[in-house]
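Follow along in the structure below.

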Amino acid sequence: MINIFVTYRCNLACPYCFARGLARAYPADMTPESFNALLGWMESARLQSAAFIGGEPTLHPHLADMIERTTAAGIPAVLFTNGLFPAPLAERLAGSVSNFVVNYNDPSLYTRAQSAALHANLSLLRDLGARITFSKNFSAGLCEYGYLLEGVERYGVRAVRYDISRPDAEAANEHLGLEQASGMATHIVGFVRACEERGVRTGLDCCVRLCDLPEPDRRYLEQVSMKFRGICHPSIDVHPDLGASYCLPLHDVRVPDVTAFEGEQALMGHFAEITRPIRFSGSEARCGGCAEFKRHCQGGCMALTRPRVPDVNPSPHILLPGASLQ
């Protein structure tokens with residue numbers, strides 16, 4: 001699955017957000033012409049699915065048309081949203097979106113009107129029979145999850161995507177460093193257990209250092225939590241200009257045009273090759289003596305372990321097929 005960032009505009013300002021800083025680099029929404037080119041590529045590449053994301057993707061004036069055309073092409077569409085969209089949009093998209101992944105925030109982040117709109121939309125989607133998945137980002141100031149457990153029961157949610165907050169392109173957001181992430185990992189085990197008790201499946205979005213967890217907790221998460229791993233893999237984040245990054249925290253590791261590649265696997269392979277020089281370099285001194293290192297774990301996500309390369313302007317590390325970071 002690729003992530004299509006149709007806009008970086010948003011109607012919330014979550015303190016942990018790692019996409020907000022890119023609004024300056026990509027001030028314009030994805031144009032219909034760019035989407036036409038992307039859809040043609042997705043069809044020829046036979047993508048298994050595509051996620052529409054942002055910013056807040058429902059702010060894009062042509063989002064519904066984009067999603068409907070994607071599903072008509074036989075590509076299931078996933079929508080990542082904060083849930084603050086007009087009710088008619090929910091009614092239109094309920095039959096086209098395969099999964100509404102709602103970033104279900106701590107109640108303190110919403111105004112009263114926003115909270116009312118969110119819960120009205122969740123109730124509507126539930127009543128329309130839409131599939132809803134909650135998304136939870138754990139940061140130092142936003143680690144409580146009792147409200148989310150109440151929400152999964154209220155709206156019949158059967159899956160939750162979770163992650164530790166990652167740095168944005170400038171590391172200016174509220175994110176967890178390696179040592180902070182270690183403490184949060186144990187807290188997340190409790191969260192996963194609480195979800196499992198309610199019949200709710202969980203899935204880790206990125207990766208963690210395996211040594212951040214006691215052995216029993218690690219084995220538990222490996223058994224019950226989807227995609228729980230210690231290796232950092234590319235997410236393929238496609239920007240409005242059709243450039244693509246390894247992931248948003250590694251925004252500067254990118255290609256100028258995703259459609260220049262034969263397909264998803266070719267792009268994944270390219271990203272694997274160009275990140276080879278930096279994949280383990282930041283963790284060698286700390287993790288070199290560990291038997292898991294370079295086998296099942298790489299010492300944490302690369303955005304945290306490599307030297308920072310602040311970059312919100314598309315220029316220094318644009319990588320063409322066959323290029324290298326070395």
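Helix α6 (residues 178-197) packs against helix α7 (residues 215-224) at an angle of about 45 degrees. Their axes lie 11 Å apart. Angles under 35 degrees would count as roughly parallel and 65 to 115 as roughly perpendicular, so α6 is oblique to α7. The crossing of α6 past α7 is left-handed. The model is a predicted one.

Which residues make the contact? From α6 come Val-189, Val-192, Arg-193 and Glu-196. From α7 come Asp-217, Tyr-220, Leu-221 and Val-224. Five residues of this contact are nonpolar, three are charged and none is polar.

Now the sheet. Eleven strands form an open sheet with mixed pairing. The order is β8-β7-β6-β5-β4-β3-β2-β1-β9-β10-β11. Strands β8 and β11 are the edges, and each pairs on one side only. Strands of a sheet pair through backbone hydrogen bonds, either parallel or antiparallel.

Strands β1 and β9 run parallel. Two bridges join them. Ile-4 stands opposite Val-238 in β9.

| Strand | Residues | Note |
|---|---|---|
| β1 | residues 2-5 | joined to β9 by two bridges |
| β8 | 225-226 | edge strand |
| β9 | residues 237-238 | parallel to β1 |
| β11 | 254-255 | edge strand |

Definitions and conventions:
Residues numbered from 1 in each chain as written. Predicted model: local features only at pLDDT ≥ 70, side-chain atom pairs only at ≥ 80, totals over all residues. Heavy atoms only, no water. Axes fitted to C-alpha atoms, helices over the stretch in contact; angles between N-to-C directions. Helix = DSSP H or I, 4+ residues; strand = E, 2+ residues; numbered from the N terminus. Parallel < 35°, antiparallel > 145°, perpendicular 65-115°, else oblique. Left-handed = near helix turned anticlockwise from the far one by under 90°. Contact = heavy atoms within 4.5 Å. Nonpolar A, V, L, I, M, F, W, Y, C, P; charged D, E, K, R; others polar. Pairing = 2+ DSSP bridges.
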